[in-house]
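This note sets out some points for a colleague who is meeting the structure for the first time. Please read the points beside the sequence and the model.

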Amino acid sequence: SLPWTLASSYGLVACNICPLCSRKKAFQITKSFIPILEWLPNYRVKEWLISDIISGISTGLVATLQGLAYALLVAVPVGYGLYSAFFPILTYFFLGTSRHISVGPFPVVSLMVGSVVLSMAPDENFLLVSSNTTGLNKTLIDTESRDAQRVLIASTVTFLVGIIQLVLGALQIGFIVRYLADPLVGGFTTAAAFQVFVSQLKIVLNVSTKNYNGILSIIYTLIEIFERIGTTNIADLVAGLLTIVVCMAVKEINDRFKHKIPIPIPIEVIVTIVATGISYGADLEKKYNAGIVKNIPRGFLPPVPPVVSMFSQMAAAAFSIAVVAYAIAVSVGKVYATKYDYAIDGNQEFIAFGISNVFSGAFSCFVATTALSRTAVQESTGGKTQVAGLISAGIVMIAIVALGKLLEPLQKSVLAAVVIANLKGMFMQVCDVPRLWRQNKVDAMIWVFTCVASIILGLDLGLLAGLVFGLLTVVVRVQFPSWGGLGNVPGTDLYRNVKEYKNVVEPQGVKILQFSSPIFYANIDGLKSSLKSTVGFDAVRVYNKRLKALRKIQKLIKKGKLKATKNGIISDSGVANEAFEPDEDPEESEDLEIPTREIEIQVDWNSELPVKVNVPKVPIHSLIFDFGAVSFLDVVAVRSIRTIVKEFERIDVRVYFASHQDSIVTKLEQCAFFDDNIRKDIFFLTVHDAVLHIKSQIMYKDIQDPIFEKISLMQESKEPIEFTETSRPEDELDHAAIIYVVFVLIK
């Protein structure tokens with residue numbers, strides 16, 4: 001069950017046998033689950049209380065107005081915004097780990113909830129047909145039933161979001177927010193700001209439109225607004241424009257002179273009070289048909305259970321809302337936690353907001369997270385702890401109990417204008433795009449794609465599309481990673497990219513390939529192509545060409561055109577050398593599988609051959625893979641690397657691995673990479689160690705024996721070839737590119 005899961009995730013399941021399950025240990029675990037037990041006993045009353053009271057009052061006034069305004073985004077009566085600004089704070093006060101965030105509605109999340117509400121309870125579902133005195137039928141909307149249904153849907157969504165957050169927190173899945181990268185969140189919130197602006201624009205103009213939802217809904221809404229712009233209510237338009245101008249101007253003053261002004265000017269509160277007085281005194285509703293708030297419930301409503309049958313219709317949207325709300329809250333919380341040097345627990349935040357939303361969902365609220373502007377007010381006015389949040393909840397409670405009636409004459413266009421004025425910060429994120437483009441073009445593309453997708457497809461599908469696009473960019477970057485050949489910085493044990501550094505020197509006869517990515521099935525072809533580019537040849541093609549050359553040598557030996565001697569292969573004097581024939585069949589791979597007698601001949605493949613076959617030169621004797629940036633391998637990668645090692649070994653190029661992690665060797669062992677031919681002695685801690693080993697091996701080999709390469713010659717004849725000895729001057733023996741022949745019978 002969920003309580004058992006929660007208890008298990010926090011270690012609350014006690015054991016009578018284990019000595020660690022002491023009372024002190026249990027109290028420590030309880031404090032991690034209820035953080036107030038950690039910080040409240042250490043509360044500095046004399047230093048912090050006055051600051052928290054001042055901050056709480058200021059934040060409470062802003063929260064009251066924003067609660068009313070954001071209710072318009074959810075498409076519920078504005079009074080329910082006050083409940084959403086009150087109830088979530090009560091539970092977060094006990095369970096939250098951030099000291100500074102102000103819990104309550106946020107425009108992006110409110111709009112996402114509103115899209116669910118409008119899709120499940122559109123106006124078309126509540127039409128009434130009435131007849132007037134002229135006998136004509138008139139279509140009306142049953143607003144009372146519609147609003148009641150929308151409130152129920154919003155509270156049910158909130159309850160489901162809380163359950164999802166609670167489950168994710170219990171399962172310790174706080175890391176999920178890491179997949180919401182900053183460019184993705186920036187593009188998404190900017191698109192959401194545009195969606196919010198359009199939804200509030202029709203309220204500022206007091207233009208009625210259909211409630212569109214889904215793909216291209218914002219485009220359809222804009223088209224209908226402009227089609228009906230002639231019906232704009234001038235009183236609402238003037239009030240809205242004045243509110244936007246005044247609020248944005250004063251907010252700019254607050255930002256520029258925040259070091260000189262002890263408390264930010266609560267301009268939303270001032271504008272609301274003035275606008276309410278003007279609307280009431282001038283009777284704007286009757287004289288100019290202005291849209292006003294009209295009815296705000298007084299007091300609290302009894303708790304209402306959610307409609308469980310609706311869960312299946314809203315599950316996908318609820319999951320998106322749960323993750324976005326959590327991501328916004330944690331992002332803002334981390335900013336202030338870093339500023340004031342304390343830590344927040346991501347999993348505990350999931351649980352805190354989950355319980356808050358479950359609790360507030362029972363009281364007809366909509367989803368809570370935090371608002372940037374409201375949190376900034378709480379912090380800038382001196383808020384030290386969540387005591388300021390509790391006091392702000394007290395201010396909202398006063399508005400619910402006593403002041404709601406006074407706000408009924410307030411024009412809705414003023415509330416919509418307050419919402420628009422608070423979107424400035426999100427719209428200014430557009431300025432981040434040029435900077436992102438200069439720093440990282442992929443991040444800039446993620447920002448733009450997410451923004452455009454969220455505007456066109458809607459916030460829920462847009463977020464999913466942006467997330468998928470962001471993950472695809474990661475896959476593409478891993479599939480096509482950076483790579484390069486390395487060279488030695490003279491006089492050091494450092495190795496750097498030969499294309500980026502001028503003075504580095506590649507060790508003679510050695511190529512070093514650095515591959516900066518995990519290696520798995522999707523990028524193994526990239527490893528192979530980068531390997532070919534680094535060494536300058538294809539090992540398989542070299543092997544096949546050598547086989548072809550040896551087959552031609554064999555034929556000429558059988559015809560007597562060439563003689564195999566102890567010192568090499570020479571032509572008969574006076575006989576035309578027919579070995580130089582055109583290279584018309586490049587591979588002849590079909591002959592390579594014929595089981596025959598095999599003759600091993602040592603040939604110096606870098607010298608001139610007695611047959612005209614274009615055998616690629618192999619200027620290296622060793623290859624080193626720098627696996628310092630390889631974090632993991634999959635089965636396909638291990639199999640392919642094993643094949644690469646064998647392909648190079650059969651053309652006498654030794655392969656080494658350097659700077660690898662221990663987990664890489666473990667994975668190779670698990671995948672049966674090692675055998676009698678491929679041993680662990682080809683692995684080195686550093687590239688320089690591998691290079692020194694290669695040099696020592698070459699010096700030892702030079703002393704023991706000349707360097708010749710060895711390869712197979714397919715012999716069709718069952719009878720052994722008779723070899724003749726030819727007398728040649730002793731001084732020519734050192735220059736001969738010939739070797740001896742040994743017969744090996746294979747089946």
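1. The residues that line the largest cavity comprise eight nonpolar, one polar and no charged. Here Ala, Val, Leu, Ile, Met, Phe, Trp, Tyr, Cys and Pro count as nonpolar, Asp, Glu, Lys and Arg as charged, and the others, Gly among them, as polar. A cavity is a set of points on a 1 Å grid over the protein atoms alone where a 1.4 Å probe fits but cannot get out, and lining residues have an atom within 4 Å of a point.

2. The model is predicted: local features need pLDDT of at least 70, side-chain atom pairs count only at pLDDT 80 or more, and totals for chains, interfaces and linings use all residues. Residues are numbered from 1 along each chain as its sequence is written, and side-chain values use heavy atoms, with hydrogens and water left out.

3. The largest cavity holds about 70 Å³ of space, a volume being the space filled by probe spheres set on grid points joined across faces, edges and corners. Its lining includes L180, F188, T189 and I328. Helix α9 (182-205) and helix α14 (311-339) each supply at least two lining residues, and α9 gives the largest share, four residues. Helices (H or I, at least four residues) and strands (E, at least two) are DSSP runs, numbered from the N terminus.

4. Six strands form an open sheet of mixed pairing, in the order β6-β5-β7-β11-β12-β13; two strands pair if DSSP finds at least two bridges between them. The edge strands, β6 (495-497) and β13 (683-684), each pair on one side only.

Key:
On a 1 Å grid over the protein atoms alone, a cavity is a set of points where a 1.4 Å probe fits but cannot get out, and a pocket is an open set with protein on both sides within 12 Å along at least five of seven lines; lining residues have an atom within 4 Å of a point.
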